[in-house]
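Subject: Handing over a structure

Hello,

Here is the structure I promised to pass on to you.

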Amino acid sequence: MIGRSMLLQMANSKKLEAFVRGNRVSSRSASRFVAGETIQSITGPVRDLNNQGISVSLDHLGESVTTKEEVAETVAIYLSLFRHISADKLNANVSLKLTALGLDIDVQLCYDNMVRILTSAGSEQFVRIDMEGSAYTQSTLDLFYRLWRDGGHRNVGVVIQSYLRRSEQDIEDLIAAGARVRLCKGAYKEPDELAFPDKADVDASYIRLMKRLLSDGVYPGIATHDPAMISATREYAASEEIAPDRFEFQMLFGIRRDLQSKLVRDGYGMRVYVPFGTHWYPYLMRRLAERPSNLWFVVKNVLRAR
Ligand code: FDA
């Protein structure tokens with residue numbers, strides 16, 4: 001039986017990536033979670049979401065990049081993405097991963113790239129730095145604070161994962177700084193010393209951190225598909241008289257569309273994270289790991305293609 005842990009391990013395999021990416025059927029399966037391969041191909045899906053009252057965060061897929069050439073390509077894509085968002089009048093901001101911008105190569109290179117991206121984004125557009133595995137938590141936060149404090153950039157926010165034991169303190173620090181936070185459970189394979197191994201503890205931590213962010217944070221993004229987390233958020237906001245425009249719910253493209261529409265109908269802000277690009281393999285594997293029954297969806301596509 002393939003479980004979460006094995007799927008997350010497979011997400012790091014370059015050999016499997018080459019095989020899966022070259023396979024027509026798995027490419028078709030990825031399209032359930034990935035909006036398209038090029039910037040041009042995402043306009044349609046983003047417009048559809050915007051027309052339903054849903055805003056978007058666009059992510060160019062790519063992570064763990066090891067060459068300066070690939071990093072430069074990623075920067076160029078983000079710069080043209082901002083032009084595309086303005087020209088097509090899309091209701092969208094962007095998300096990115098620091099390892100796609102050179103964090104593993106040279107921290108200064110990564111910082112300079114972020115400065116270019118944030119400067120090009122201007123005050124109109126917001127950039128969310130995704131949180132990667134725990135090997136990058138501190139370096140991601142360090143770089144974020146450097147941009148926030150030393151660079152004075154205000155169009156940038158970070159992500160905190162409720163499965164990490166350290167997150168309670170990180171949330172307090174980010175609230176004190178006045179920074180915008182997206183809260184999620186966390187999608188990587190982590191050791192028990194760093195992350196709660198049991199779902200009940202991850203969920204309890206999520207609810208604690210959500211309450212802190214709703215009470216004292218700046219426009220938090222409550223990123224989850226879990227009906228229990230969503231109900232807890234709605235109940236806490238109602239009991240504390242926190243208006244729906246002081247936070248937003250966030251979900252991933254292609255997941256729980258029914259819940260996305262319901263939250264919009266109920267008057268809440270809803271943003272969908274829309275990934276695009278050709279480097280979809282690790283992203284797809286993390287989505288399968290969150291719900292191994294998604295594997296059936298891939299298997300069904302394989303059977304249909306025979
Ligand atoms: P949980 O995993 O408990 O799932 C609750 C329910 O949601 C499931 O029972 C199922 O119905 C549905 N569901 C969840 N995942 C599904 C899937 N893949 N397919 C089908 N149904 C699914 N992580 C991270 O480490 N760093 C980051 O920067 C981000 N960024 C991010 C942005 C946004 C907008 C979202 C929504 C999520 C992230 N994540 C992330 C991923 C996050 O950490 C987490 O892995 C997933 O959101 C799944 O957790 P849930 O909160 O949905 O709960």
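Below are my notes on cysteines, charges, a few loop residues and backbone angles.

First, how to read them: this is a predicted model, in which local features need pLDDT of at least 70 and side-chain atom pairs count only at pLDDT 80 or more, while totals for chains, interfaces and linings use all residues. Residues are numbered from 1 along each chain as its sequence is written, and side-chain values use heavy atoms, with hydrogens and water left out.

Cysteines

How many disulfides does a search of the whole structure find? The search gives 0, where a disulfide is a pair of cysteine sulfur atoms within 2.5 Å. The reason can be seen at Cys 110: the closest cysteine sulfur belongs to Cys 184 and is 19 Å away, too far for a bond. Both residues are also buried, Cys 110 at 0% relative accessibility and Cys 184 at 18%. Here and below, buried means under 20% relative accessible area, exposed means over 50%, and partly exposed is in between (1.4 Å probe, protein chains only).

Salt bridges

Three of them are worth a look.

Begin with Asp 170 and Arg 166, whose closest N and O atoms are 2.6 Å apart. Asp 170 is buried, at 9% relative accessibility, whereas Arg 166 is partly exposed, at 30%.

Next, Arg 208 pairs with Glu 168, with 3.5 Å between the closest N and O atoms. Helices (H or I, at least four residues) and strands (E, at least two) are DSSP runs, numbered from the N terminus. Both partners are partly exposed: Arg 208 has a relative accessible area of 38%, and Glu 168 has 42%.

Then there is Lys 199 with Asp 226, where the closest N and O atoms are 3.4 Å apart. Lys 199 lies in helix H9, while Asp 226 is in the loop between strand E6 (218–223) and helix H10 (227–239), so the pair joins parts that are 27 residues apart in sequence. Lys 199 is exposed, at 52% relative accessibility, but Asp 226 is buried, at 14%. These two residues also belong to a network of salt bridges that links Lys 185, Lys 199, Asp 203 and Asp 226.

A negative patch

Which residues form a negative surface patch? They are Asp 192, Glu 193, Asp 198 and Asp 201. A patch is made of residues with over 30% relative accessible area and no salt bridge, with like charges joined within 9 Å. For one of its members, Glu 193, the place is the loop between strand E5 (180–184) and helix H9 (199–216). Glu 193 is exposed, with a relative accessible area of 63%.

The loop between H3 and H4

Two residues stand in the loop between helix H3 (24–30) and helix H4 (43–51): Glu 37 and Gln 40. Glu 37 is partly exposed at 47% relative accessibility, and Gln 40 is exposed at 60%. Glu 37 and Gly 186 are 149 residues apart in sequence, and their C-alpha atoms are 25 Å apart in space.

Backbone angles

Most residues other than glycine have a negative phi. With that in mind, please look at Ser 64, where phi is near 50°, a positive value. Ser 64 is in the loop between strand E1 (55–60) and helix H5 (68–87), and it is partly exposed at 36% relative accessibility. Tyr 219 also has a positive phi, near 35°. Tyr 219 lies in strand E6 and is partly exposed, at 28% relative accessibility.

Happy exploring, and write back with any questions.

Best wishes

Key: Patch = residues over 30% accessible without salt bridge, like charges linked within 9 Å, V, L, I, M, F, W, Y side chains within 5 Å. Areas by Shrake-Rupley, 256 points an atom, 1.4 Å probe, with all protein chains shown as cover. Salt bridge = Lys/Arg side-chain N within 4 Å of Asp/Glu carboxyl O. Lys, Arg positive; Asp, Glu negative; His and termini not counted. Charge placed at Lys NZ, Arg CZ, Asp CG, Glu CD.
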